[in-house]
There are 2 protein chains.
Amino acid sequence: MPRNKSYNTNDVLEKAMHVFWNNGYEQTSVRMLEKEMGINQFSIYSSFTSKHNLFVESLKKYREYVNKNVYADLLKPGARLKDLELFLNRFTEHKITGKKYKGCLVVNSTGEINPADDEVSVELNNYYMFNREMLKKVLSNSIEAGDISPETDIDKYSNFLLGVMQGLSVGAKVLPETQIRDFIKVSLSVFK
Amino acid sequence: MPRNKSYNTNDVLEKAMHVFWNNGYEQTSVRMLEKEMGINQFSIYSSFTSKHNLFVESLKKYREYVNKNVYADLLKPGARLKDLELFLNRFTEHKITGKKYKGCLVVNSTGEINPADDEVSVELNNYYMFNREMLKKVLSNSIEAGDISPETDIDKYSNFLLGVMQGLSVGAKVLPETQIRDFIKVSLSVFK
DNA sequence: CTGAATTCTAAGCAAATGCTTTGTTATAAA
DNA sequence: TTTATAACAAAGCATTTGCTTAGAATTCAG
């Protein structure tokens, strides 16, 4: 008998994610969310309980979003080192297009959020673990394809690459293109 | 004829810096600053104009602070690669002592602050530039000492190391010790 | 001691914050 | 058509925000 929702929960969640991505958690007010999600505060709270919970859900959504729109090539079944190189170099793309790189929502949040916030911390960790698994797959594919030595310690080097990606997420926001390119070049040279 | 200040501007600024470091910019309220700095809002505003300006001053103070308390060994005249290794491994210290690593104020702020905030952005850049110069010095010292090849491209490798430090500042907040150690090990292996 | 200068305390300001309540409107099973 | 149900819009809530003002307290040259 109830009235129907006039919005799709998944759609408005994705919109919320973008607001958090653009402004950070604290800088994002419920009024801003209201505006961008296109629904009013009552609906936000009845669907997502609290601003904090909406943020946690946004982090989950972010993982889904980047897997589809950013990591797609790297998640393809046979992705190898050359795909990783292409991917890393995309961290410099905005320098050419002139757009400002807003960084990775998860890395930004790692900087902003109180480490005692367990709900958020878990989600940040999930994201990094997922990235690490992706990198491990790329490395094992690269071994299989003969790109790198079969003796390569996949665990060790995936941890290295995860660190490189975290560094890039910070660096790409503030450093000039040449410095980022150097960072990528030297990082990948460990496989030669 | 005027009344004397009952506080030292430099002292209270350092206290403010720690509040920002512990809580981030947005999470820090003027009431918290009032409490920790030990002076009231009137004095804060008459000495530092605004919360935003106090933050910018805190970033400058932070550079001074870490040079003295964190980078000291790396800034010593003859600092070499082995000093850098010791320094990087300190990113894992808190994992042993059990304390939570609160990260680097500048890296945290790079994640939190709106990139359009020019005053802050300039200060973040100053910090990274200074770090880069420090790393260049370490590399040239290492060449001189015969630790690494005299053909080492100092610019290129200092950019790499800066990226590594940015990655560590993020990673050390959330990743387990082994992963951080792997990141450091592989990073330094580029010099072998 | 006097008095101009500058500090201090503490109260106060409008605006913004996260969240809730109220009353109306749409829905679809009975 | 009726009616229980849930979604809606909009106003309202207490609290907190960054910042200011008003008045008392302290200083030291004259």
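This is a predicted model: local features need pLDDT of at least 70, side-chain atom pairs count only at pLDDT 80 or more; totals for chains, interfaces and linings use all residues.
Read in sequence order, the pattern of chain A is α-α-α-α-α-α-α-α-α-α-α. The C-alpha trace of chain A spans about 65 × 40 × 35 Å along its principal axes.

Salt bridges were searched for across the whole structure. The search finds 22 of them over all chains. One pairs Glu123(A) with Arg63(A), with 3.0 Å between the closest N and O atoms. This pair links distant parts of the chain. Glu123(A) lies in helix H9 (residues 118-144) of chain A, and Arg63(A) lies in helix H4 (residues 51-69) of chain A. The two residues are 60 apart. Side chains of opposite charge can pair when their charged atoms come close.

Within chain B, helix H1 (residues 9-23) packs against helix H2 (residues 30-37). Their axes come within 9 Å and cross at roughly 135 degrees. H1(B) is therefore oblique to H2(B). The crossing of H1(B) past H2(B) is right-handed. H1(B) contributes Val12(B), Lys15(B), Ala16(B), Val19(B), Phe20(B) and Asn23(B) to the contact. H2(B) supplies Met32(B), Leu33(B), Glu36(B) and Met37(B). By class, the residues of this contact are 7 nonpolar, 1 polar and 2 charged.

H1(B) also packs against helix H4 (residues 51-69) of chain B. Here the angle is about 95 degrees, and the axes are 8 Å apart. H1(B) is therefore roughly perpendicular to H4(B). On the H1(B) side, the contact is made by Asn10(B), Leu13(B), Glu14(B), Ala16(B), Met17(B), His18(B), Phe20(B) and Trp21(B). On the H4(B) side, the residues are Lys51(B), Leu54(B), Phe55(B), Glu57(B), Ser58(B), Lys61(B), Tyr62(B) and Tyr65(B). This contact of H1(B) with H4(B) divides into 9 nonpolar, 3 polar and 4 charged residues. Ala16(B) and Phe20(B) take part in the contact with H2(B) and also in the contact with H4(B).

The interface between the chains was examined next. Chain B gives 34 residues to the contact, and chain A gives 34. About 3,300 Å² is buried between chain B and chain A. Carbon and sulfur atoms give 65% of that area. In chain B, the residues that lose the most area to chain A are Val170(B), Val174(B) and Val186(B). Together they account for 15% of what that side buries. The count of salt bridges between chain B and chain A is 0.

One helix pair spans the two chains as follows. Helix H11 (residues 177-189) of chain A crosses helix H10 (residues 154-174) of chain B at roughly 85 degrees. The axes come within 8 Å. H11(A) is therefore roughly perpendicular to H10(B). From H11(A), the contact draws on Gln179(A), Asp182(A), Phe183(A), Lys185(A), Val186(A) and Ser187(A). These meet Asp155(B), Lys156(B), Tyr157(B), Asn159(B), Phe160(B), Leu162(B), Gly163(B) and Val164(B) in H10(B). The contact of H11(A) with H10(B) has 6 nonpolar, 4 polar and 4 charged residues.

Definitions and conventions. Residues are numbered from 1 along each chain as its sequence is written. Chains are lettered from A and ligands numbered from 1 in the order in which they are written. Side-chain values use heavy atoms; hydrogens and water are left out. Axes are lines fitted to C-alpha atoms, for helices over the stretch in contact, and angles run from 0 to 180 degrees between N-to-C directions. Helices (H or I, at least four residues) and strands (E, at least two) are DSSP runs, numbered from the N terminus. Angles under 35 degrees count as roughly parallel, over 145 as roughly antiparallel, 65 to 115 as roughly perpendicular and the rest as oblique. A crossing is left-handed if the near helix is turned anticlockwise from the far one by less than a right angle, and right-handed if clockwise. Contact means heavy atoms within 4.5 Å. Ala, Val, Leu, Ile, Met, Phe, Trp, Tyr, Cys and Pro count as nonpolar, Asp, Glu, Lys and Arg as charged, and the others, Gly among them, as polar. Buried area is the accessible area (1.4 Å probe) that two parts lose on being put together, summed over both. A salt bridge is a side-chain nitrogen of Lys or Arg within 4 Å of a carboxyl oxygen of Asp or Glu.
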